[in-house]
Amino acid sequence: MSIFVTRSSMPSYDDYINEIKPIFESHHLTNMGPVYKKLQHSLIDYLGVPYLSMFVNGHMALETVIQAMGLKNTGGEVITTPFTFVSTVHAITRNGLKPVFCDVKPDDYTIDPEKIEELITDKTVAIVPVHVYGNVCDVEAIEKIAEKHGLKVIYDAAHAFGVKYRGRGIGTYGDAAMFSFHATKVFNTIEGGAVAFKDESLRSSLHSLKNFGIKTEECVDEIGGNAKMDEFRAAMGICNLRNVEQCIKARGSVVERYNSRLGGVSGIKLMKPQENVTPNYAYYAVCFEPEEFGFTRDDVYEELQRNDIYARKYFYPAVNDMECYRELEHGDTPVSENISRRVLTLPLYSELSLEDTDRICDIILSMGKQEG
């Protein structure tokens, strides 16, 4: 049986049918209906954020909040990381802004605050840091830099649903934070996303921008798009939210098994738990050092595939090495480039058995033994 890098969490069939039954009775399918609002308020409570606006996906959530903050087509620069999913940078570029790539830290792969200030110019308008694999950025350092230079901070928290730092929901840091509810994430609404924010004045703009810029029935005062979450996706979210803590706990057990089997092996670098962080076990990332392990990341990737196990080179290539951004002028990002060539995310989901986890580890470890 094939083992994929992830498997979508789903409720029971009966649970979902019960949740969508009122939709069939009301025929209210979209446009922020009662099911949408039910999930919205549940997520505000769960994430511990003051305000939340939900979207058709995480990309449109990020792209829209950048526009809602008045940054679109200002000709400004936005400092972000090349070690992210390309959507992060597309959201910046599609707003007519220039992404400026800042290197990442070698321990947790999040943006390096010590390298941010040297990239700030009189054109810089915002910082878009990324919480990578559920690892939390240095939010205190980023906040100080942003306050010093008068910059907006919009976190890409696609990987960080349910994560807490110092007891606070991760969505409470920065001016806004985007969450992805894609089918591959810890929590999903099939496809979906949301923006958590502090400034209540953003609520009206986000609401209208995701609905064609319509302010009232007879007033369209902004150029918006169609990025609303529908009722059926919201219903899936309501069901999955009931089980998300159980899901995170199960993922944690898989991570513990990986750590116990792969920890301390020469040439295998694992992520270390962060202090003061309540994790969500979103991804299990391993960096392979071929000089010590004897095999490259690609060798391991291919060997797993030969055994019907599908890991992912996530993220590879780094965004600033992709065709559409390669010609963009940027500073040196050696850490990001190095990690992108060596990192592999192994299968991780709540239903992955410990037996299958052991099978994955056995294959990897047998490669190391061959070299010895």
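**Charged residues and cysteines**

At 1% relative accessibility, Asp103 counts as buried, where buried means under 20% relative accessible area, exposed over 50%, and partly exposed in between (1.4 Å probe, protein chains only). This is a predicted model, in which local features need pLDDT of at least 70 and side-chain atom pairs count only at pLDDT 80 or more, while totals for chains, interfaces and linings use all residues. Residues are numbered from 1 along each chain as its sequence is written, and side-chain values use heavy atoms, with hydrogens and water left out.

Me: With which residue does Asp103 form a salt bridge?
Reply: A salt bridge is a side-chain nitrogen of Lys or Arg within 4 Å of a carboxyl oxygen of Asp or Glu. For Asp103, the closest N and O atoms of the pair are 3.8 Å apart.

Me: How many residues apart are Glu351 and Arg7?
Reply: Glu351 and Arg7 form a salt bridge, with their closest N and O atoms 3.1 Å apart. Glu351 is in the loop between β17 (343-346) and α11 (354-371), and Arg7 is in the loop between β1 (3-4) and α1 (13-26); helices (H or I, at least four residues) and strands (E, at least two) are DSSP runs, numbered from the N terminus. The pair links distant parts of the chain, and the separation is 344 residues.

Me: Which side chain of opposite charge is nearest to Lys210?
Reply: Lys and Arg count as positive and Asp and Glu as negative, with His and the chain ends not counted. Lys210 is buried yet has no salt bridge. The nearest side chain of opposite charge is 10 Å away and belongs to Glu231.

Me: Which residue has its backbone oxygen 2.7 Å from a polar atom of the Lys210 side chain?
Reply: Lys210 lies in the loop between α6 (202-209) and β11 (214-216). Among the residues that Lys210 touches are Tyr36, Phe55 and Asn226, contact meaning heavy atoms within 4.5 Å. The backbone oxygen in question is that of Met54.

Me: How many disulfides does a search of the whole structure find?
Reply: A disulfide is a pair of cysteine sulfur atoms within 2.5 Å. The sulfur of Cys247 is 14 Å from the closest cysteine sulfur, in Cys239, and so too far for a bond. Cys324 is in no disulfide either, as the nearest cysteine sulfur, that of Cys102, is 20 Å away. The number of disulfides found is 0.

Notes
A polar contact is a pair of N or O atoms within 3.5 Å; within protein, one must be able to donate a hydrogen and the other to accept it, and residues adjacent in sequence count only if both atoms are side-chain atoms. Lists of a residue's contacts leave out its neighbours within four places in sequence.
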